[in-house]
Amino acid sequence: MKKITSVQMVSILICCLFYTLMKYVPSDDDNALLLLCSRLLTLGIQCIIVIPLIKLYGKTDGTGVIQAAFAKSRTAGSAASAGYLLFCLFILFVTVGDFAFFLQYTFSSAYSEWAVAIVFSLAAVYVASMGISSGARTAVVVAFITILGIVLVLIGFRGNIDFRVLNLAVENKESLLARGISQSLSFSDELVLFALLLPYLKSKPGKTVYSYIGAKAVLSAAIIISIAVILGDFAIDSKLPFFALSAYSKNGIIERFDAFFLMFWVMCALIKAAVTLMCISDCLGFLFPRAPKKLWMLSPVLCSGTAVILIALDKWSSYDFNAFSSIFIIILVTAVPLLVIVLNKRRGRSKSGGAE
Amino acid sequence: MKRWFLWLTIFALILIAFDNRESVEISERALVHAVGIDQSEEGVTVTLQIFKAGGSGSDTQIDLSKPNIFVISNTAPSFDEAMEKCESQMGKYLFIGHNQIIVLGSDASFDDPDKLLGYFIKNKDNYLGVPVVMAENTAKEIMEVQLTGRAIASENFTDVIEMYYQNGETVFSDMLHFINSIKSVDKSAVLPVVSIKQLSAGEQSGQSSDGSSQSESGSQQQSSQGSQSGSSASEQLITIEKSAVIGGGEFKGFINSDEIKGLNWLTDHMKETVINIASEEENTGVTVKKRNVKDKLVIRDNRLVYTADIDVDILTDTGILPGIGETTLKKLVTTKIEQDCTSAIDTAFYRYNSDCFDIAQLIKFYYPQIYLDYSDNYDALKETIDFEINVNCYIK
């Protein structure tokens with residue numbers, strides 16, 4: 001199995017994060033400061049919920065959650081792989097659907113959603129078929145130029161920065177904070193991908209995931225603060241605040257950055273979809289070892305088809321697909337690895353006759 | 001596998017390219033350079049400056065000897081309908097992404113910003129940094145002015161506004177800033193007021209002898225206008241001498257150039273300006289540059305006190321100002337800036353009852369609970385606000 005470095009893993013996760021951050025749609029009663037606090041608190045929670053994953057990596061010598069579950073029993077392994085597979089299909093469905101939906105909003109409504117979904121899925125399948133090491137190398141380049149582009153976007157605007165727009169003048173602070181934490185956790189589906197990609201990591205899972213969470217804190221804070229202080233209350237009115245920020249930003253050479261936004265967004269979406277496809281491929285391999293190896297290629301057809309039908313019926317924006325994601329993320333990132341550790345410990349004890 | 005996959009992707013892209021029947025070619029688009037909006041009992045009058053390529057004989061489509069724009073105007077019950085009429089009459093799709101300026105007529109209604117600028121807010125091509133200004137009379141009148149010096153009038157327009165702003169002589173008003181201001185709790189905003197200045201024959205000849213750049217622009221003006229709309233148009237200039245104050249979603253009145261400077265100092269939009277100081281029977285222009293502006297809100301004797309500490313550098317050499325010592329110069333500049341700020345506060349805040357200093361934002365930050373308690377009755381809270389201005393000058 002080809003392995004990837006910590007930097008490559010962090011880059012993959014950053015690409016997934018950017019894709020999520022760029023498609024953030026604010027609520028009418030959002031408050032930037034509370035949103036920022038909720039994001040930072042969620043990152044604290046994430047630092048805790050990934051501990052079982054890191055422990056499991058150490059105990060199983062980097063074999064991964066599903067393999068460790070299969071080592072215990074075939075039923076446990078099948079259940080784990082089925083759970084991860086379903087969530088990965090959900091990630092792919094939301095990724096392709098959001099991409100087609102927002103591309104129409106930001107770029108051109110002249111392109112039909114199915115056309116966008118087909119081309120995007122083909123590209124994602126191609127990147128996924130190249131293997132994890134190629135995808136990871138691409139992710140490093142994409143993450144680097146995306147960060148560079150965001151810095152350009154953030155420095156290229158007119159007017160004064162006044163950090164005093166970050167205020168607490170809202171009713172129901174506690175409920176807004178709680179909602180923010182739940183939302184932020186719901187948008188952290190890249191942690192599930194991290195759980196599935198762990199066997200590909202060369203070493204140091206703890207250092208890798210905490211580096212990522214640190215980078216996530218900095219990037220999320222920078223983007224939320226920038227949107228709040230530059231766009232002000234207009235951020236609530238805009239459908240995609242980050243896109244509005246890019247369209248507002250300009251410098252002496254580039255008139256506006258919305259095309260940049262699209263470029264970063266497409267590349268980050270591609271990395272996320274490709275990595276998800278790799279995870280789907282692995283899950284299918286565990287679940288159906290005798291099935292054809294290219295079975296995973298059907299998953300984009302299934303996910304894109306469903307997403308495009310919903311978009312065509314004008315139903316895409318009426319559903320909150322991430323409403324219950326946080327529960328599944330906690331189950332797949334914390335509960336399942338914890339259960340596998342506990343089961344392995346028990347087996348170890350029973351094998352040694354409880355002599356421990 | 002890789003090769004057939006590549007072919008499949010290419011084939012899909014070709015199919016999509018053929019499928020895209022709604023695509024609009026560049027030749028089917030009309031590039032909007034400036035938009036004027038007037039409101040009357042008949043509805044909304046939209047006046048557009050459209051880029052017109054007509055460079056016969058030249059290397060590019062832009063012919064510098066002609067104003068490469070034409071003006072189209074339509075009236076309809078709503079803004080969107082008026083735009084649609086313009087589109088139909090031209091037989092081209094309007095492209096708003098290159099728009100340089102939005103001019104609102106003096107009779108525009110500001111109570112519903114979404115209705116006023118909704119077309120621009122929802123149009124993803126629109127640039128949020130486009131300047132929004134108010135016409136002294138009608139926007140249509142401003143749109144039809146043929147400006148000097150450039151082939152495209154609206155480009156000159158934005159240069160004029162930018163230069164006024166850089167010199168501290170007008171307020172900062174791009175679309176994003178304007179929408180945020182007009183949607184604030186007090187629905188207050190300030191807009192630069194654009195008016196047409198008719199140059200007399202004497203002034204024109206005076207300008208020609210003033211310097212080479214002026215005469216050059218004059219000659220371009222003559223050539224461009226001569227072919228377009230007669231010689232009278234060449235005598236027009238765009239000026240910004242006052243700003244319009246909007247409070248509670250309606251137009252309240254104007255503030256003059258000194259008050260604009262005061263407003264710019266207080267809102268930290270002043271970079272550098274020339275201020276006029278009166279000393280011993282003569283007026284002297286002094287260049288001052290912002291060093292630092294700090295404003296905050298404190299509670300003193302059960303009243304909210306807005307304090308602004310303005311530090312400025314005086315760039316004018318005292319050596320060329322005989323009879324004025326450094327101390328006197330500092331005192332005169334301090335007095336003048338304080339006067340401008342006080343005058344801006346008196347007119348905009350007290351007379352027009354408009355929170356164009358965005359004190360609501362400061363209350364939200366420093367005293368959020370007070371803001372929440374008074375959010376339904378902000379006018380009552382405004383009555384408890386006092387101002388304290390401190391100016392410090394440094395000679396540089």
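Predicted model: local features only at pLDDT ≥ 70, side-chain atom pairs only at ≥ 80, totals over all residues.

Q: Where is Ile49(A) in the chain, and what does Ile49(A) touch?

A: Ile49(A) is in helix H2 (residues 32-49) of chain A. Skipping residues up to four places away in sequence, Ile49(A) touches Ile330(A), Val333(A) and Thr334(A). Take Val333(A): 284 residues separate it from Ile49(A) in sequence, while the C-alpha to C-alpha distance is 6.8 Å.

Q: How does Thr316(B) come out on the neighbour count, buried or exposed?

A: Thr316(B) has 20 C-beta neighbours inside 10 Å, so it counts as buried. Thr316(B) sits in a loop, the one between strand E12 (303-314) and helix H10 (326-351) of chain B. For a sense of the fold there, Thr316(B) and Val288(B) are 28 residues apart in sequence and 7.5 Å apart in space, C-alpha to C-alpha.

Q: Which residues of H10(B) are buried?

A: Here's the idea to carry with you: an α-helix has 3.6 residues a turn, so residues three or four places apart point the same way. Now the case: the buried residues of H10(B) include Leu329(B), Val333(B), Lys336(B), Ile337(B), Asp340(B), Cys341(B), Ala344(B) and Ile345(B). Thr347(B), Ala348(B) and Phe349(B) are also buried.

Q: How far does H6(A) reach from its first C-alpha to its last?

A: H6(A) has 17 residues and reaches 24 Å, close to the 24 Å expected at 1.5 Å a residue. Among its buried residues are Glu113(A), Val116(A), Ala117(A), Phe120(A), Leu122(A) and Val125(A). After H6(A) comes Gly131(A), with a positive phi near 100 degrees.

Q: How many residues does the contact take from chain A and from chain B?

A: For an interface, count each side, then ask which elements supply it. The contact takes 29 residues from chain A and 30 residues from chain B. On the side of chain A that touches chain B, helix H5 (74-106), helix H6 (113-129), helix H11 (234-237) and helix H12 (241-248) each supply at least two residues. H6(A) gives the most to that side, with five residues. By class, that side of chain A has 16 nonpolar, six polar and seven charged residues.

Q: What does the domain assignment of chain B give?

A: It gives domain 1 (26-255) and domain 2 (271-396). Their contact takes 15 residues from domain 1 and 15 residues from domain 2 of chain B. On the domain 1 side, strand E7 (189-198), strand E8 (236-247) and strand E9 (250-255) of chain B give two or more residues each. By class, that side of domain 1 has six nonpolar, seven polar and two charged residues.

Q: How many residues has the largest nonpolar core?

A: In soluble globular proteins, nonpolar side chains tend to be buried together. In this model the largest nonpolar core has 213 residues, and Cys15(A) and Val103(B) have the most contacts inside it. Helix H13 (residues 258-287) of chain A supplies the largest share of this core, 17 residues. Domain 1 (26-255) and domain 2 (271-396) of chain B both give residues to this core, so it lies between them. Leaving aside neighbours within four places in sequence, the contacts of Cys15(A) include Ala139(A), Val142(A), Cys268(A) and Ile271(A).

Q: What are the scores of the model, and what does the pLDDT of chain B average?

A: The model scores ipTM 0.83 and pTM 0.85. Chain B averages a pLDDT of 81, and 80% of the residues score at least 70. Over residues 206-233 of chain B the pLDDT is below 50, and this stretch has 30 contacts in the model beyond near neighbours in sequence.

Methods: Residues numbered from 1 in each chain as written. Chains lettered and ligands numbered in written order. Core = buried A, V, L, I, M, F, W, Y, C linked by C-beta atoms within 7 Å. Buried ≥ 20, exposed ≤ 12 C-beta atoms within 10 Å, placed from the backbone. Helix = DSSP H or I, 4+ residues; strand = E, 2+ residues; numbered from the N terminus. Domains from an automatic or database assignment. Contact = placed C-beta atoms within 7 Å. pLDDT = per-residue confidence, 0-100. Nonpolar A, V, L, I, M, F, W, Y, C, P; charged D, E, K, R; others polar. Expected span 1.5 Å × (residues − 1).
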